[in-house]
Amino acid sequence: MLLSKLRSARKFGEGQSNPWSVYEQLRACGDVVPSPWGGVMVTSYEACSQVLRDRTYGTPDLEWRLQQGEPRWTAPASTLFSRMIMLLNPPEHTRQRRVLGNTFDRQTLTHLSTVVGELVDERLDELERRMHQDGEADYAEIVGDGLPVAAVGRWLGVPSADFELLRTWTHGQAWSQELFPTPAQLAVADESALNLKAYFEALVLERTKSPGDDVLSSWIREWAEVEKDPEEAASIVQRLATFSIMAGLETTSNLLNAAMWQLDRHPDQADWLRYHPEGIPAAVEEVLRYDPAVAITTRVGSRSDSLSDVAVGKGQLVYVCIGSAHHDPRFISDPDRFDVRRSGPARHLAFGQGAHFCLGAGLGRLEGQLLLRRMLTRFPTLRVVSEPIWEPRVAFRRMASMRVGLAPRARFAGEGL
Ligand code: HEM
């Protein structure tokens, strides 16, 4: 009953602004629940963590997709996506991780903090300009989307004039990763994925001829040494660059938007952070826990197994419900309370766990922390002025719009709670 409700909910975008009650009902069905459309849904923290760490659960890779025979899996957007690092299985996945190494090590992050700080100021300048001009502005567009695409774009060495196009194509291709994309959404995803591929193929070719002092050029050099086939080397770099834009934008935007949204709903916590900026890193972790961008990721059983006494067959799809796991009361007390002052070390699965643990976690955290640090002091009266609008997406959460404006005076702690 609930699962069929979930299925119809995507049509109307229900449950987007409050997925937590849906998660609760889902967990009430069991830690592992056979789903009516096939496969199993894993809802508890413990079981989600177990699947992500267990190497016998692979990703739904190209071979698996082609066996399904449904457009949702065989459409160009889906097959192209399946060749990205996150969907690879060993040995190719292991090889690509080894060559990439620790992408955002301490030294890189120190260097990037200056760049990201400048980008944060630039985005906040634009937000202020639009609020001054129109009385209010779309935070999700200017900051939520604008900062991550610029941060990854600058890091890779993508011309800034192309950020807007990349943003549109990235959101377009993401429909292919949803649970039940419609034919129209799949068509948008196909076109967007093919555009992204052509764009990065051309950029890789250009940087191969005239290298620069950027990550794309350094990947081209590295892969020319590691991969004997020059065409394959160029193709790997193209896929890594494409995936970096996709992975950096579709996820960090939710972190930045959810932070603004939750602090607006909890002005006492925003006030506290303004006077205790040392609490900002923990606040970012609480946003990642409370409202993770990747609410559902998928794995495939590689042998007959059972999870919490529910049979999982070889080749069966396993939906790892990270959003539900983060609100499991056996994992965290009072899980539906947003609280930036939670005690104890932050634990969550927002960046995944195990072999596919996010390579960009350092950059995502840096963007979230620098944004909060500057935004809270620069705009103490910034408020959300109308209900955010959500895309009807279940797996990768996306706020399409959130209007903000400056209130006539600062709200005092406790007011309006
Ligand atoms: C708040 C920001 C971010 C969040 C919440 C996030 C979340 C995730 C999650 C959950 C996964 C694993 C999915 C799975 O196991 O199925 C992942 C993988 C990945 N992410 Fe992120 N991500 C973020 C930012 C970034 C950024 C900024 C980049 C790159 C610039 C990036 C690059 C990657 C890559 C390359 C992988 C694949 C790793 C692998 O398969 O070995 N991510 N991310």
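This is a predicted model: local features need pLDDT of at least 70, side-chain atom pairs count only at pLDDT 80 or more; totals for chains, interfaces and linings use all residues.
Not counting residues up to four places away in sequence, Phe 200 touches Leu 156, Val 158, Leu 166, Gln 238, Ala 241, Thr 242 and Ile 245. As general background, nonpolar side chains in soluble globular proteins tend to be buried together.

Now the ligand. Which residue donates to the iron atom of the ligand? The only protein donor is Cys 358, through SG, at 2.3 Å. Cys 358 sits in the loop between α16, residues 322-325, and α17, residues 361-378.

Around the ligand there are 25 residues, and the closest are His 93, Arg 97, Thr 297, His 356 and Cys 358. For His 93, a side-chain N or O atom is 2.6 Å from an oxygen atom of the ligand. For Arg 97, the corresponding distance from a side-chain N or O atom to a ligand oxygen is 2.7 Å. For His 356, a ligand oxygen lies 2.6 Å from an N or O atom of the side chain.

Which elements give two or more residues to the shell around the ligand? They are α7, residues 92-100, then α13, and β5, residues 296-301. Helix α13 gives the most, with six residues. By residue class, the shell divides into 15 nonpolar, eight polar and two charged.

Next, a helix that packs on α13. In α14, residues 267-275, the residues Pro 267, Gln 269, Ala 270, Asp 271, Leu 273 and Arg 274 are buried. These buried residues of α14 pack against α13, α15 (280-290) and α17.

Thr 79 is in helix α6, residues 76-81. Is Thr 79 buried or exposed? Thr 79 counts as buried because its relative accessibility is 19%, and the cut-off for buried is under 20%. A polar atom of the Thr 79 side chain lies 3.2 Å from the backbone oxygen of Pro 76. Leaving aside neighbours within four places in sequence, Thr 79 is in contact with Leu 62, Leu 66, Trp 73 and Thr 74.

The other residue is Asp 305, in strand β6, residues 305-307. Asp 305 counts as partly exposed because its relative accessibility is 23%. Its side chain and that of Tyr 57 are joined by a polar contact of 3.0 Å. Tyr 57 is also among the contacts of Asp 305 once neighbours within four places in sequence are left aside, the others being Val 310, Ala 311 and Val 312. The C-alpha atoms of Asp 305 and Thr 56 are separated by 9.6 Å, while the two residues are 249 residues apart along the chain.

Last, backbone geometry. Most residues other than glycine have a negative phi, and most peptide bonds are trans. Where is there a cis peptide bond? The bond from Pro 90 to Pro 91 is cis, with omega near 5 degrees. Pro 91 is placed in the loop between α6 and α7.

For phi, I have two residues. Ser 308 is not a glycine and has a positive phi, near 45 degrees. Ser 308 is in the loop between β6 and β7, the latter being residues 310-312. At 43% relative accessibility, Ser 308 counts as partly exposed. Asp 334 is not a glycine either, and has a positive phi of about 45 degrees. Asp 334 lies in the loop between α16 and α17, the loop that also holds Cys 358. With a relative accessible area of 42%, Asp 334 is partly exposed.

Note on methods
Residues are numbered from 1 along each chain as its sequence is written. Side-chain values use heavy atoms; hydrogens and water are left out. Donors are N, O and S atoms within 2.8 Å of the metal (3.2 Å for Na, K and Ca); water is not among the atoms, so sites may look incomplete. Helices (H or I, at least four residues) and strands (E, at least two) are DSSP runs, numbered from the N terminus. Contact means heavy atoms within 4.5 Å. A residue is near a molecule or strand if one of its heavy atoms lies within 4 Å of it. A polar contact is a pair of N or O atoms within 3.5 Å; within protein, one must be able to donate a hydrogen and the other to accept it, and residues adjacent in sequence count only if both atoms are side-chain atoms. Ala, Val, Leu, Ile, Met, Phe, Trp, Tyr, Cys and Pro count as nonpolar, Asp, Glu, Lys and Arg as charged, and the others, Gly among them, as polar. Buried means under 20% relative accessible area, exposed over 50%, partly exposed in between (1.4 Å probe, protein chains only).
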